[in-house]
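Please keep the sequence and the structure open while reading.

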Amino acid sequence: MSSSSNRPIFVVGMPSSGTQEIEAILVRHPNVKTGGEIGYFGVLGMRLSEGEDISPNYFRAAVNMGGKDFKKIGSGYLKVLEGVDRKAKHIVDVNAFNYQHLWLLALLYPNASFIHAFRSPLDACASTYTAKLPHGHHYNIDQKSLGHHYRTYGDMMDHWSQTLPVSVHHVSYEALINNREEEIGKLLTHVGLAHDAAYIEREMAEHEPVGQNTADKIGFGRDHQEHLAELSGALGPLAKVRLS
């Protein structure tokens with residue numbers, strides 16, 4: 001589906017894993033605008049699930065949809081993007097929950113860019129657990145529910161990456177801190193943006209990298225592991241995964 005000049009860039013991942021930083025890097029490029037956390041597909045998911053979080057109802061409703069239904073859904077989202085900026089070549093949607101709908105996004109927008117931000121699991125969860133998140137992050141009730149959610153999210157992203165007929169660009173939070181210039185170049189290549197030397201130089205010189213706040217530091221979860229026994233238990237082997 002391509003009735004709009006706006007090409008979506010979907011950035012997904014757990015909170016505190018670099019999604020906002022990736023958005024900031026991309027939107028400073030002259031050909032990119034951002035819609036922020038567009039809730040369009042979240043609302044759709046709730047409707048298909050009959051008011052619940054993603055459930056069997058969601059998938060039962062999805063398999064019963066026809067071509068006209070998909071066309072209506074796809075066109076509706078493109079109208080939202082046009083409301084953000086009708087002339088922008090690329091518009092970023094950084095709604096983290098869109099990872100649940102990647103099958104639909106890949107079907108509707110095969111020419112879109114798909115970016116997955118990820119981080120060492122214990123760091124990502126510890127930072128998420130201490131963050132003040134808006135309404136809708138029900139999984140963050142306690143350490144066990146957060147760890148369970150992370151494992152479900154990880155399994156789903158692995159599945160999408162292996163099965164969807166689109167390229168998902170995976171960006172390590174740690175690499176974004178330690179190899180910023182290289183990661184910016186990879187992002188530009190994936191999205192199809194020109195490697196403007198002036199833009200990259202300005203990006204490196206004028207903007208602080210991620211990792212400035214305490215919860216953003218590499219090893220944040222490890223440093224507070226004595227308070228995260230339930231989280232570590234829920235994560236299982238993932239609690240020991242380190243990306244740096």
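In which helix is Asn-178 found? The residue belongs to helix α8, which covers residues 173–178. The model described here is predicted.

## Surroundings of Asn-178

Setting aside neighbours within four places in sequence, Asn-178 is in contact with Ile-218 and Ser-244. Phe-220 lies 42 residues from Asn-178 along the chain, and the C-alpha atoms of these two residues are 16 Å apart.

## Packing of α2 and α4

Two packed helices are described by the angle between their axes and the distance between the axes. For helix α2 (residues 40–48) and helix α4 (residues 67–84), the axes cross at roughly 150° and come within 10 Å. Angles over 145 degrees count as roughly antiparallel, so α2 is roughly antiparallel to α4. The crossing of these two helices is right-handed.

On the α2 side, the contact is made by Tyr-40, Phe-41 and Leu-44. Helix α4 contributes Lys-72, Ile-73, Gly-76, Tyr-77 and Val-80. By class, the contact of α2 with α4 consists of six nonpolar residues, one polar residue and one charged residue.

## Packing of α6 and α7

Helix α6 spans residues 121–130 and helix α7 spans residues 143–163. Their axes are 10 Å apart, and the helices pack at an angle of about 135°. The two helices are therefore oblique to each other. Helix α6 passes α7 in a right-handed crossing.

Which residues of α7 make the contact with α6? They are Gln-143, Leu-146 and Tyr-150, and they meet Pro-121, Ala-124, Cys-125, Thr-128 and Tyr-129 of α6. Sorted by class, the contact has six nonpolar and two polar residues, with no charged residues.

Rolling a probe the size of a water molecule over the atoms shows where empty space is left. How many cavities of 30 Å³ or more does a search of the whole structure find? The search finds two.

The largest cavity has a volume of about 60 Å³. Its lining is formed by Gly-13, Met-14, Pro-15, Ala-96, Phe-97, Tyr-99, His-137, Tyr-139, His-149 and Tyr-153. Seven of these lining residues are nonpolar and three are polar, while no charged residue takes part.

The second largest cavity holds about 30 Å³ of space.

The volume of the second largest pocket is about 360 Å³. It is lined by 19 residues, of which Pro-15, Ser-16, Ser-17, Thr-19 and Gln-20 are the closest to the centre of the pocket. Pro-15 is also among the residues that line the largest cavity.

Which helix provides the largest share of the lining of this pocket? Helix α1 (residues 19–27) does, with three residues. The lining as a whole divides into nine nonpolar, seven polar and three charged residues.

Definitions and conventions:
Residues numbered from 1 in each chain as written. Predicted model: local features only at pLDDT ≥ 70, side-chain atom pairs only at ≥ 80, totals over all residues. Heavy atoms only, no water. Axes fitted to C-alpha atoms, helices over the stretch in contact; angles between N-to-C directions. Helix = DSSP H or I, 4+ residues; strand = E, 2+ residues; numbered from the N terminus. Parallel < 35°, antiparallel > 145°, perpendicular 65-115°, else oblique. Left-handed = near helix turned anticlockwise from the far one by under 90°. Contact = heavy atoms within 4.5 Å. Nonpolar A, V, L, I, M, F, W, Y, C, P; charged D, E, K, R; others polar. 1 Å grid on protein atoms, 1.4 Å probe; cavity = no way out; pocket = protein on both sides within 12 Å on 5 of 7 lines; lining within 4 Å. Points joined across faces, edges and corners; volume = space filled by probe spheres on them.
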